[in-house]
Amino acid sequence: MAHGDASTSDRHRLTLRSHHSPALATTVTIECTLSDLDRQRLQSVLCDPLLESGSWDTPIGPLQLDIGLIPGVTDTAAEQVIHAASLLGIHVSDAAVGRLIDLDRALDDREIRSHYTNAVIERWATGINVEPGYALRETTVSPTELVDLALDDDALGRLSSQRGLALDLAELHVIRDHFSAANRLPTDAELETLAQTWSEHCAHKSFRADIVLPNGSVLEPLLDQLRRSTNEIDASFVVSAFDGNAGIVQFTPARTYALKCETHNHPSAIEPFGGANTGVGGVIRDILGAAHQPIACTDILCFGPADTTDDQLPDGVLSPTRIIEGVVAGIADYGNKIGLPTVAGSVLFDPAYVSNPLVFAGCIGVAPSPRPALTGPHPGDRVILLGGRTGRDGIRGATFSSMEMDATTGDVAGASVQIGDPITEKLVSDLLADAWHLYTAITDCGAGGLSSAIGELGDGVGADVELNLVPLKYAGLAPWEIWLSEAQERMVVAVDPHQLAELAALAHRHGVELSDLGSFTGDSQLVVRHNGTPIVDLPTTFLHKGRPRRRLQATLPQPQRAESVPQCDDLAGALLALLAHPNISSKAAVIRRFDHEVLGSTVIRPLTGACNDGPADGVVLAGPSDPDGIAIGIGVNPWFGLSDPEHMAWAVVDEAIRNVVVAGGDPAAIALMDNFSWGNPTRATTFGDLVVAVRGCCDAARAYGAPFVSGKDSLNNEYLAADGKRHAIPPTLVITAVAPVADAGAVITPDLKGVGNSLVLLGTTRSEFGGSHLSMVIGDQQSRAVPAPQAASPALYKALHRCIVDGLVVSAHDCSEGGVAVAVAEMAIAGRLGASISPSTIHHDIVAALFSESTGRIVCEVEPRNVAQFVEAINVASDTNLAVVIGSVATDHNVHFGSQLNLTVAQLVHAFNRTTA
Amino acid sequence: MTIAISRPRALVVRAPGTNRDSDAVFALEQAGADAHVVLLSEILETPSLLHNAQMLLLPGGFSFADALGAGRLFALELSTRLTAELAAFVAAGKPVIGICNGFQALIRTGLLPGPNLKAALGPNDHGRFTCEWVQLQPVSQRCIWTADLDADIHCPIAHGEGRFVCDDTTLASLRSNDQIALRYSSPNPNGSVADIAGICDTTGLVLGLMPHPEDHIVQRQHPQFIRGHRGGIGLGLFQAGVRHASQL
């Protein structure tokens with residue numbers, strides 16, 4: 001008989017071996033009583049004889065590596081095993097899914113770690129079975145502790161680092177004083193709540209800090225500078241900026257868009273799949289938390305070079321190839337499974353990202369308009385938790401991501417890594433699409449878990465919740481762990497008690513778990529109970545406004561800005577080297593892993609042209625029955641940031657804007673998002689770089705009339721290696737631009753379209769090679785000028801947009817890494833057509849003409865009959881001669897730059913695709 | 001008695017993890033159907049929902065996260081509780097289509113390729129999920145969805161487990177019964193046997209295919225639309241199903 005109770009159950013293990021890759025098997029371990037017939041039935045579900053073989057309880061061989069998840073790590077496959085068994089009438093009390101690898105030879109632990117396993121989420125053994133994770137769970141609940149803060153400064157500092165609080169002394173003093181005034185000791189849960197809420201990740205302390213210059217003068221905090229630039233631009237399409245979970249814009253009366261881009265750098269460094277996976281899940285929840293339905297994802301990834309050798313890796317750092325594979329798989333897994341197209345993005349490589357890879361995950365959502373505003377939470381509203389169950393995953397993620405990493409980070413931060421469950425989030429998303437009228441306020445559980453979600457919603461109004469009502473994945477969580485857990489796929493909504501029954505019925509229909517944790521009170525006090533006893537009792541004003549403002553010293557950089565040109569004799573060799581450079585060459589191997597077609601709304605894809613292999617600038621999305629849509633563009637260039645962060649910031653804002661304009665986006669209505677990934681802000685030079693980068697952002701935003709609506713910073717991207725060497729990232733600013741496209745059927749792409757068409761360069765070319773890719777490929781070490789802002793660009797883009805709308809332009813491509821030469825080569829590759837260019841029309845110095853990376857430049861393809869009208873339209877509108885005919889689409893399949901450079905399109909294609917001719 | 005129905009009612013089943021249901025609804029509506037999303041849990045609770053429908057579509061996605069192999073749990077849910085109703089649906093002459101994850105599920109239920117035949121959809125031969133555009137040649141005259149199609153369909157694939165495999169007996173039988181509905185006429189993207197992209201059952205009513213014709217319904221969705229490409233839309237396939245259903 002199939003049904004046994006847990007006390008008489010026993011353990012069975014099915015090994016599934018694919019016919020296709022037999023060296024790597026999947027193991028399914030289950031806890032139940034199982035008859036032979038049950039085994040056959042279960043195997044018939046888990047194993048398809050055409051694809052794989054299955055065997056039960058096979059003894060493990062001496063050269064077999066058995067890998068399982070550590071206790072507490074989410075095991076979604078195991079949950080489905082239990083579900084499948086229950087459909088067959090078999091009661092499985094617990095399950096674990098693992099991997100079994102046949103080794104060629106015995107490996108030591110270091111080799112196993114380097115090739116097969118990740119200690120952050122996995123346990124393993126060779127020649128013996130690892131115990132399934134569920135059998136090793138802690139089931140005893142540790143009680144709430146009181147923490148004595150009556151300590152000297154040294155001891156307070158030690159307390160902060162031992163508990164991973166990431167609080168500085170000034171903050172610890174304020175907390176100590178608060179509790180001593182209240183005449184009691186804080187609980188562990190209160191201390192953790194304050195640490196999460198006041199973390200760099202949640203509170204953006206450095207962006208809110210007073211900026212102190214070496215001469216003693218004080219500048220306005222960075223966040224205030226960004227907000228002020230948005231307020232001054234005063235764009236009519238901005239509905240909400242720097243408020244709540246996402247920026248909200250409205251380009252047309254019928255709908256609003258929510259925009260958000262997040263970083264998930266630290267988690268992706270130690271567990272690339274889970275880190276990137278939950279980065280995507282988290283930013284999608286931000287959009288849900290802004291009461292919009294997600295429609296697309298973006299991703300910008302910065303990795304160490306794929307050819308980094310093991311001996312170049314600092315201790316405790318995963319190899320770039322494993323990070324790349326894990327991150328790409330993690331993004332694909334979440335985006336593909338939840339059913340959102342992953343569209344715009346970039347992939348950058350630099351040795352400085354070896355120990356600090358960066359993962360920027362963005363999401364865009366849509367909501368019909370008008371819709372009543374969310375006015376809650378109101379006193380009396382219920383505190384409702386929707387979605388996944390809570391486990392010991394992702395404890396202290398906000399503080400973890402706010403600290404510098406070192407070789408022990410992977411060992412101690414295991415509990416900081418979450419594993420995503422996109423299916424649960426999809427169900428929550430489906431529910432919220434139907435339930436928008438049933439809540440008065442909404443936010444997601446991100447960093448800090450319930451503590452920040454309920455803490456933020458309760459700001460000003462107060463809340464009283466009972467942790468016993470939080471559904472758990474398994475027993476054994478301490479109260480503070482329930483409160484702090486960053487288990488994924490959870491949303492908190494405020495619900496009028498009269499509407500709760502309707503929401504509960506809807507949640508049941510969609511298969512979403514709903515829990516009523518308590519109420520918003522109106523007394524401005526955050527009270528959290530466990531079995532009725534308060535474990536947190538904090539005034540919300542202290543929680544949200546009690547943090548002392550930081551003062552950070554800033555030393556501003558003094559960049560070299562004189563124009564100069566490096567020596568380059570082999571122009572053809574340089575162009576081929578640029579096209580094959582990892583930062584410029586085809587990203588098809590990554591892009592094709594992401595579903596960019598789901599929802600049927602992708603009009604311009606990340607790969608475009610005659611063979612679908614040319615790089616697009618911006619992407620365009622439009623619902624299949626909508627006439628209009630939006631364009632999305634990305635700007636990023638850390639190499640400019642190394643020597644001139646202010647000009648870098650302008651350049652990447654300009655690049656993001658150019659990308660949407662060349663795709664047909666309207667430059668009169670561009671919304672921007674910023675993401676700063678930076679080093680340690682307490683170092684005055686690092687913070688000084690950040691200060692001038694923000695200045696560059698604000699200046700560019702004003703110049704283009706393009707307001708920032710949302711932003712996110714990730715600081716402390718540094719790694720302290722065991723040898724004491726510090727590895728910091730280059731200043732990395734990602735700008736995302738979004739603009740409306742009035743007629744999605746009349747957009748243009750960069751691929752060359754017709755032989756005989758003219759090629760017109762817009763913008764001014766200067767000798768600007770600071771941080772250029774030419775300098776990289778020829779090994780030029782000189783300090784040179786980073787491309788400077790071009791005052792004429794805003795008027796130029798508006799003129800270009802009118803010409804695109806008027807049908808005067810058949811292709812357009814922005815000039816970025818590698819300058820005009822790479823831009824023209826990419827247009828030729830995408831269109832599989834040649835081009836003939838006269839370099840002297842661009843710049844008197846041929847190296848500058850070909851490879852300078854001056855901002856504000858766009859190559860346009862124009863039919864001969866429209867050239868005069870196009871050139872005049874641009875030059876009149878921009879008030880200078882910014883449009884110059886530089887050549888034409890060639891009749892042969894060659895790309896010529898005068899007589900000095902001549903390559904076949906096939907050579908360019910091979911270099912770009914890194915294939916051999 | 002046969003009553004002509006102007007807009008046949010089509011049900012699109014959304015399992016947990018299904019994600020191309022709205023794409024499918026758009027395609028069916030454009031083809032003239034009255035399309036509705038029904039949750040898997042609802043149709044399992046109330047199988048009679050099928051009685052009022054003339055068409056059934058199992059859309060793409062990752063039902064139950066495909067955690068135990070693509071479509072396996074979706075299929076198990078259907079065959080545990082809905083086997084008789086699905087058989088009756090087909091016996092009544094009503095068309096059924098499974099796309100991508102829906103195809104994977106139909107294969108696992110045994111509705112495709114049919115009794116005594118053995119086929120599966122395994123991991124792509126290159127081992128990765130891939131999203132790219134392909135070209136499909138309609139082959140089967142038996143299949144009501146493809147018999148009237150006279151031009152290739154251009155549409156995307158987006159799958160990691162789309163490699164069609166079957167034993168020799170099944171392949172011979174698929175060929176002799178005209179059950180190979182669609183073949184890849186562009187390079188085979190996943191290592192499928194005989195370039196098979198879609199198959200039907202012996203009645204010709206049940207079609208399963210890996211690619212997504214529902215994502216090429218309007219011309220603007222084609223990647224080379226900007227270069228002047230026109231044609232190859234997937235609408236005709238859905239219109240064929242709707243035409244058949246409207247004559248029930």
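This is a predicted model: local features need pLDDT of at least 70, side-chain atom pairs count only at pLDDT 80 or more; totals for chains, interfaces and linings use all residues.
The pairing belongs to strand β34 (residues 758–762) of chain A, which runs antiparallel to β37(A) over five bridges. Strand β35 (residues 811–814) of chain A is also antiparallel to β37(A), and four bridges join the two. Here A:Ala812 stands opposite A:Cys860.

Strand β37 (residues 858–862) of chain A is largely enclosed by the rest of the structure, because five of its five residues are buried. A:Ile858, A:Cys860 and A:Val862 point one way from the strand, while A:Val859 and A:Glu861 point the other way. In a regular strand, side chains alternate between the two faces of the sheet. Both sets of β37(A) residues are buried, A:Glu861 among them.

## Helix α5

Helix α5 of chain A covers residues 169–181. Its 13 residues reach 18 Å from the first C-alpha to the last, close to the 18 Å expected at 1.5 Å a residue. At the start of the helix, a side-chain oxygen of A:Asp168 comes to within 3.3 Å of the backbone nitrogen of A:Ala170. Just after the helix, A:Asn183 has a positive phi of about 60°.

The buried residues of α5(A) are A:Glu171, A:Leu172, A:Ile175, A:His178 and A:Phe179. They lie on the same side of α5(A), because they cover an arc of only 125° around the axis. An α-helix has 3.6 residues a turn, so residues three or four places apart point the same way. The buried residues pack against four elements of chain A: α4 (153–162), α6 (188–197), β22 (533–539) and α18 (540–545). On the face turned away from the buried side are the exposed residues A:Ser180 and A:Ala181.

## Nonpolar cores

The largest nonpolar core has 108 residues. Those with the most contacts inside it are A:Leu672, A:Phe676, A:Leu762, A:Leu800, A:Val809 and A:Phe870. Helix α22 (residues 645–662) of chain A gives the most to this core, with eleven residues. A second, separate core of 99 residues includes A:Leu16 as well as B:Leu86, B:Leu112 and B:Ile217. In soluble globular proteins, nonpolar side chains tend to be buried together.

Neighbours within four places in sequence aside, A:Phe676 is in contact with A:Phe207, A:Leu226, A:Leu690, A:Ala693, A:Val694, A:Cys697, A:Lys712, A:Asp713, A:Ser714, A:Thr732 and A:Leu733.

## A buried histidine in chain A

A:His801 is located in helix α25 (residues 793–805) of chain A. With a relative accessible area of 13%, A:His801 is buried, since the cut-off for that class is under 20%. Leaving aside neighbours within four places in sequence, A:His801 is in contact with A:Gly664, A:Gly665, A:Asp666 and A:Pro667.

## A loop isoleucine in chain B

B:Ile233 is in the loop between β11 (206–209) and α7 (235–246) of chain B. Its relative accessibility is 26%, so B:Ile233 counts as partly exposed.

Apart from neighbours within four places in sequence, B:Ile233 is in contact with B:Ile153, B:His216, B:Ile217, B:Val218 and B:Gln219. Of these, B:Ile217 is included in the second core. The C-alpha atoms of B:Ile233 and B:Gly127 are separated by 29 Å, and the two residues are 106 residues apart along the chain.

Note on methods
Residues are numbered from 1 along each chain as its sequence is written. Chains are lettered from A and ligands numbered from 1 in the order in which they are written. Side-chain values use heavy atoms; hydrogens and water are left out. The expected span of a helix is 1.5 Å times one less than its number of residues. Buried means under 20% relative accessible area, exposed over 50%, partly exposed in between (1.4 Å probe, protein chains only). The arc is that of the directions from the helix axis to the C-beta atoms. Contact means heavy atoms within 4.5 Å. A polar contact is a pair of N or O atoms within 3.5 Å; within protein, one must be able to donate a hydrogen and the other to accept it, and residues adjacent in sequence count only if both atoms are side-chain atoms. A nonpolar core is a set of buried Ala, Val, Leu, Ile, Met, Phe, Trp, Tyr and Cys residues joined through side-chain atoms within 4.5 Å. Two strands pair if DSSP finds at least two bridges between them.
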